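The sequence and the structure are shown first.

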Amino acid sequence: MEKYCGLRTCIEGGGFIPVPLVGVEITSRLVNFTAEVTVLQKYTNKEENPIECEYFFPIEEESTVVGFRAEIDDRVLVSQVKTSVSAKNDYDEAVSEGRTAFLMESTRPDILQISVGHLAPGSTCSVSITYISEVPLEIGRARLTIPTTISPKYIPFTDGSKEAKRIASIQYDFKSPAKLSFKLKTTMKSRIEKVTSPSHDINTTGGKEVVIEGFYTAETTLESSTVDLDRDIVILVECEDPNKSIIFVEETDESKVMMISLVPKLEAITQPDLDIVFLIDCSGSMMGSSIQLAKEAINILLHSLPASVHFNIIRFGSSYKMLFPESRKYSDQTLREAKSAMSKLEADLGGTEILSPLRVLLEEKTKVPRRIFILTDGSVSNSSECIKVTRKNNKKNRVFTLGIGSGADRHLVKGLARSGLGTSVFTVEGEIMAPKIIKQLKNCLQPSFENAEINWGDEVGPGNSCQAPSTIPPIYDGSRIQVFRLFEKSISVPDLVKVSAEILASRSKDASFSEEIKVETTLMKDSLLHKMFGRKMIQELEENYEEKEEGEIKNLVTDLSLKYQIMSKFTSFIAVDTKENKGEKKMVKRHVANQVPQGFGIMMMCSVPAPMMRCASSRMPTSSNQSRSRSIRSFLPNMKQKKKSKKIESYSSEMDYCDADMDTAECMNMEVLADEESEESIVGAEVLEVDPEKLKMQNLLCLIALQTAEGSFSKDKHIFSVCELDEEKVEMVRGSLDEKVFYTSLVLLLLELRFLELKDCWEMVAEKGKLWRQNKSVPDTLNQDLLQILKN
């Protein structure tokens with residue numbers, strides 16, 4: 001009989017041992033686009049020897065670790081931030097003396113390493129980590145992401161850094177190391193309209209009517225009491241006035257910090273002369289749902305490009321392949337070639353060698369400004385090197401990123417956009433991604449606010465020495481940016497703060513931005529804003545280290561970390577128990593394996609060093625049919641399923657655009673008849689219940705796919721089927737009017753009337769259509785005639 005039951009893991013040399021991590025609880029608060037997350041990990045030693053437990057876990061990339069609390073057998077240990085060398089020495093000394101010690105180090109800005117040393121047999125301990133982070137605004141909603149797993153990283157042969165060696169030591173399993181519970185309290189100044197999650201099933205109470213001390217409050221939990229650690233938790237919060245600029249002031253015994261949260265509105269035309277290059281990750285880690293999401297994204301992007309740009313597509317993995325030898329003019333011909341190539345897109349290029357093609361694109365001389373749009377899950381070890389190269393070449397280039405999948409590498413995706421002066425977004429399976437993709441493309445094509453300056457009040461005075469970031473990056477329409485300012489406690493808080501910026505790419509005299517923002521009168525008494533200010537300063541120092549001596553950077557970062565008691569690459573949290581554990585048995589080391597993220601490409605396991613996937617290979621699916629079945633299911637969107645007859649309502653994801661030679665049933669994925677064998681092979685005698693929102697999006701994308709590169713629409717059967725129009729009656733109204741003029745006008749009106757709530761998705765398509773129609777002869781009565789068709 002087994003001595004222990006429950007989750008176990010294999011060890012080198014054979015055999016199994018109980019996993020020491022027995023539970024993870026996440027409790028979080030979201031207050032006006034700032035999140036505080038507490039992760040409680042519980043460990044139990046079920047072995048006869050004392051153990052040293054090592055566990056790598058993720059946090060949000062731009063977050064600030066502000067708290068570390070260790071408890072063992074009802075004793076709470078005092079923790080503090082020390083230099084990494086000093087903390088490691090204290091840890092080793094305590095463990096050698098038979099005392100339990102806790103060490104938390106930073107492997108990367110988004111990966112922490114916990115070491116629990118000399119945990120006695122039968123002992124239970126808990127480790128509580130608290131971090132705070134900014135919460136981005138994405139298409140009008142706050143997007144809170146709480147990472148729970150680390151995707152396996154591809155380590156290039158040229159990457160011999162300490163960071164890569166640590167990443168290589170992370171172990172993986174297809175089973176969850178522990179169960180996760182989750183609670184979120186959302187507090188907003190404006191009414192909370194809706195709280196949803198594309199990643200998990202949730203329950204939410206309050207929001208619209210629950211007001212506590214002047215704030216609207218909602219509470220969210222998982223629908224299941226616990227879940228696996230196989231995907232990031234993503235929570236979307238829609239509130240009444242998300243674009244409102246806010247200023248908060250925090251006071252301590254020594255100083256004050258003012259934080260401004262800004263969401264500007266920018267109305268600007270598309271820049272006509274741009275070179276757009278799509279860099280698509282086709283490495284093995286993208287296999288499954290991630291490559292399908294990439295297909296969907298690139299199709300949306302291709303059909304939304306303006307007629308004036310040049311473009312190219314580069315697929316990368318262990319090597320990279322260009323669609324065209326150099327960027328070509330966007331036309332019907334190049335669009336057809338691109339669509340044909342993307343229809344065959346597969347995750348078949350091996351390891352994630354993104355640095356080489358990225359460097360080529362950034363360093364290549366171009367006649368017009370270049371915009372690089374990267375689609376990736378970002379599973380690489382050398383993200384810091386990629387970020388450095390991007391920052392070095394951001395004068396004429398801008399980089400925009402889309403992080404794909406349930407465990408996308410947030411350091412690479414956000415770091416590339418930050419260093420490339422662009423923006424980043426993330427998408428997971430089950431999300432309607434078109435609006436955020438179009439928003440990214442708008443950022444890519446339109447000019448941004450540059451040379452932003454903030455007047456913090458007459459008493460604060462000029463200079464950026466205590467502002468973080470010291471130089472405000474480009475600001476894009478609808479994107480939230482937060483800036484911090486530290487000043488002496490004696491300085492009075494102003495009533496108003498003034499923000500100004502200009503649009504360099506515009507010829508308009510009014511191409512500038514200015515806003516006066518009222519300062520909140522209630523002072524915050526905690527130190528969270530001070531810690532966020534310190535983290536922002538550290539991030540800027542670390543990512544601009546080439547401008548200063550390495551020793552100077554290290555000293556500045558260390559001083560800031562110790563002052564604000566926050567962690568950095570040069571400092572660690574340490575806590576040591578004073579009680580000595582008696583016993584002669586030798587301590588053994590145990591690694592807690594991370595669960596492979598949901599939808600992560602199995603082919604990646606062939607590309608990473610063996611230590612990264614230890615024990616995982618034994619759990620890989622052995623049946624090709626099982627693997628194919630999983631891939632079919634991962635391809636389909638999240639939908640409720642119900643058993644019915646042999647008539648199947650089938651629905652594909654947004655990625656499939658209509659093609660000219662497809663029939664109406666294929667385009668709309670309407671009801672099809674199937675025999676018992678085919679029914680069981682696809683959905684196991686179950687029926688997929690169509691999500692109305694996704695069906696409407698599919699119909700919209702079907703229409704968008706009919707637009708030519710120049711912006712016009714021609715007569716097509718899909719227009720009639722998607723919008724339920726009678727072809728004969730429509731043709732009678734058209735009469736002898738030019739076909740393109742008529743059907744372009746019809747589709748533009750259809751977009752306005754039938755898809756108004758999805759305007760963010762078709763706005764650029766409509767703009768292109770209107771530009772094409774400008775110089776055409778359009779009868780004055782055409783719009784009225786078309787309205788009559790749609791009314792009937």
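## Charged pairs between strands

In this predicted model, Glu25 counts as partly exposed because its relative accessibility is 32%, a value that lies between the limits of 20% for buried and 50% for exposed. Its salt-bridge partner is Lys42, with 3.2 Å between the closest N and O atoms. The two residues belong to distant parts of the chain: Glu25 is in strand β3 (residues 21-31) and Lys42 in strand β4 (residues 34-44), 17 residues apart. Lys42 is likewise partly exposed, at 33% relative accessibility.

A further salt bridge joins the side chains of Arg29 and Glu36, at 3.0 Å from N to O. Arg29 has a relative accessibility of 38% and therefore counts as partly exposed.

## A charged pair within a helix

Helix α1 (residues 84-96) contains both Lys88 and Asp92, which are 4 residues apart, about one turn of the helix. Their side chains form a salt bridge of 2.9 Å, N to O. Lys88 is partly exposed at 33%, and Asp92 is partly exposed at 34%.

In total, the structure holds 46 salt bridges.

The model has 9 aromatic pairs. One of them is formed by Phe311 and Phe324, edge-to-face, with 5.8 Å between centres and 85° between planes. Phe311 lies in strand β23 (residues 310-316) and Phe324 in the loop between β24 (320-322) and β25 (328-329), so the pair ties together parts 13 residues apart in sequence. Both Phe311 and Phe324 are buried, and together with Tyr330 they form one aromatic cluster.

Methods: Residues are numbered from 1 along each chain as its sequence is written. This is a predicted model: local features need pLDDT of at least 70, side-chain atom pairs count only at pLDDT 80 or more; totals for chains, interfaces and linings use all residues. Side-chain values use heavy atoms; hydrogens and water are left out. Rings of Phe, Tyr and Trp (its six-membered ring) pair if their centres lie within 6.5 Å; planes under 30 degrees apart count as stacked, over 60 as edge-to-face and the rest as tilted. Buried means under 20% relative accessible area, exposed over 50%, partly exposed in between (1.4 Å probe, protein chains only). A salt bridge is a side-chain nitrogen of Lys or Arg within 4 Å of a carboxyl oxygen of Asp or Glu.
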